[in-house]
Structures are given as C-alpha cells and as structure tokens.
Amino acid sequence: MRRGKELRYHFSISPGRYGRLYDCVLQILAGEQPPRMFVMRPDLVELSGGIRPPHLYDHDGPGALLCLYWPKNGEWDARLKLANTYIAWAAEWLWYFEQWLKHGQWLAGGAHPTRVPRRWSPHLYREISTAAEPPLIVQ
C-alpha cells in the first residue's frame with residue numbers, strides 16, 4: 001500500500017509449464033480507475049529483438065503496460081476477483097506473447113491499438129483502435 005491511495009501486488013508468473021517466468025506488478029489506484037498490469041522483467045521489447053509487441057499501452061515509467069481487455073465492452077467490474085480476471089488475463093496475454101515470439105503473428109485476435117502522435121507533442125503517443133472486435137479474453 002502506498003500512501004493509502006495505491007496498492008501494488010508484485011508476483012511472478014509463467015504462462016505455461018515450459019514458459020518463461022515473468023515478474024509482474026498489478027497496480028490498483030483509489031477511485032474508479034481499473035487496475036493496471038505491468039510486466040517488469042524480462043524486457044518484452046528486448047525479448048522480441050527490439051520490436052514492440054502488440055497489445056501494449058504507452059505509459060511513463062518502467063515495465064510494459066499490458067492491454068488485457070477492451071474497456072468499452074465493460075469486461076472489468078470492481079466486484080470481480082483479480083485472480084479470475086487480471087492475473088488470469090496476464091497469464092493468457094503472456095502465453096500469446098510467447099506464441100507471437102515464436103510465430104511472428106498475434107494469434108489471440110482482438111483490436112490492435114494504433115499509435116498516433118498527439119497534436120501538442122510529436123514525441124508522445126496515445127492508443128486508439130480502428131478494429132471493430134474486442135480482444136479475446138478468458139472468462
């Protein structure tokens with residue numbers, strides 16, 4: 001707990017029996033914001049030979065911020081258990097990430113956010129989607 005306004009859960013997870021071990025942080029901020037899931041180690045871009053993996057959000061700070069579900073579909077609700085949602089979704093995302101490393105194609109489907117420059121700074125980006133389908137998730 002940080003200053004009574006933020007909870008961070010640090011854990012390690014492997015997406016399968018033979019998958020890598022990933023160090024992750026689940027961040028929960030006070031208020032109505034949904035939690036955020038970060039992969040801290042290993043560096044996902046470094047693992048992919050310098051190519052940015054799909055389904056990541058830009059953010060300021062360390063780690064990779066995972067895109068685990070399509071927010072506009074209302075798939076997250078604060079009454080849901082984090083073990084059944086965010087942690088399970090992170091394991092699934094990491095499994096698809098390892099498949100992407102192996103095959104070069106994101107097999108989970110879903111919407112791939114497009115990076116577009118913000119008007120007020122050409123160095124900052126925001127995520128938007130041009131796809132009509134939400135990403136695949138496990139219920």
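Is Gln 99 buried or exposed? Select Gln 99 and have a look: with 18% relative accessibility, Gln 99 counts as buried. Here buried means under 20% relative accessible area, exposed means over 50%, and partly exposed is in between, using a 1.4 Å probe and protein chains only. Gln 99 sits in helix α2. Leave out residues up to four places away in sequence, and Gln 99 touches Gly 104, Gln 105 and Leu 107; contact means heavy atoms within 4.5 Å.

Before moving on, some housekeeping. This is a predicted model, in which local features need pLDDT of at least 70 and side-chain atom pairs count only at pLDDT 80 or more, while totals for chains, interfaces and linings use all residues. Residues are numbered from 1 along each chain as its sequence is written, and side-chain values use heavy atoms, with hydrogens and water left out.

**Stop 1: the whole chain**

Switch to cartoon view. The protein has two helices and seven strands, and along the sequence the pattern reads β-β-β-α-β-β-α-β-β. Helices (H or I, at least four residues) and strands (E, at least two) are DSSP runs, numbered from the N terminus. Of the 139 residues, 35% are buried.

**Stop 2: the sheet**

Next, pick out the open sheet, where five strands line up as β1-β2-β3-β5-β4 with antiparallel pairing. Two strands count as paired if DSSP finds at least two bridges between them. β1 and β4 (56-57) are at the edges; each has a single partner strand, so one side of each lacks a neighbour in the sheet.

Walk across from β1:

- β1 and β2 run antiparallel and are joined by eight bridges. Select Arg 8 to find its bridge partner in β2, Gln 27.
- β2 and β3 are antiparallel too, over five bridges. Val 25 has Phe 38 in β3 as its bridge partner.
- β3 and β5 are antiparallel, with two bridges. Val 39 is partnered by Ala 64 in β5.

**Stop 3: the core**

Which residues have the most contacts inside the largest nonpolar core? Select Cys 24, Met 37, Leu 44, Leu 66, Leu 68, Tyr 86 and Trp 93, out of a core of 25 residues. A nonpolar core is a set of buried Ala, Val, Leu, Ile, Met, Phe, Trp, Tyr and Cys residues joined through side-chain atoms within 4.5 Å. Color by element and you'll see that β1 (6-13), β2 (22-29), β3 (36-41), β5 (64-66) and α2 (86-103) each give two or more residues to this core. The largest share, nine residues, comes from α2.

Zoom in on Tyr 86. Beyond its neighbours within four places in sequence, Tyr 86 is in contact with Leu 26, Pro 34, Pro 35, Arg 36, Met 37, Leu 68, Tyr 69 and Trp 76.

While you're here, show the cysteines Cys 24 and Cys 67. Cys 24 counts as buried at 2% relative accessibility, and Cys 67 is buried at 3%.

**Stop 4: a loop residue**

Now jump to Leu 82, in the loop between β5 and α2. Leu 82 is partly exposed, at 27% relative accessibility. Draw a line from its C-alpha atom to that of Pro 35: the separation is 9.0 Å, for residues 47 apart along the chain. Neighbours within four places aside, Leu 82 is in contact with Leu 26, Ile 28, Pro 35, Trp 76, Ile 87 and Ala 88.

**Stop 5: the rings**

Last, show the aromatics. The whole structure has eleven aromatic pairs. Rings of Phe, Tyr and Trp (its six-membered ring) pair if their centres lie within 6.5 Å; planes under 30 degrees apart are stacked, over 60 edge-to-face, and the rest tilted. Tyr 9 and Phe 11 make a stacked pair, 5.1 Å centre to centre with 20° between the planes. Tyr 9 is partly exposed at 43%, whereas Phe 11 is buried at 9%.

To finish, select Tyr 22, Trp 93, Trp 95, Tyr 96, Phe 97, Trp 100 and Trp 106, which form one aromatic cluster.
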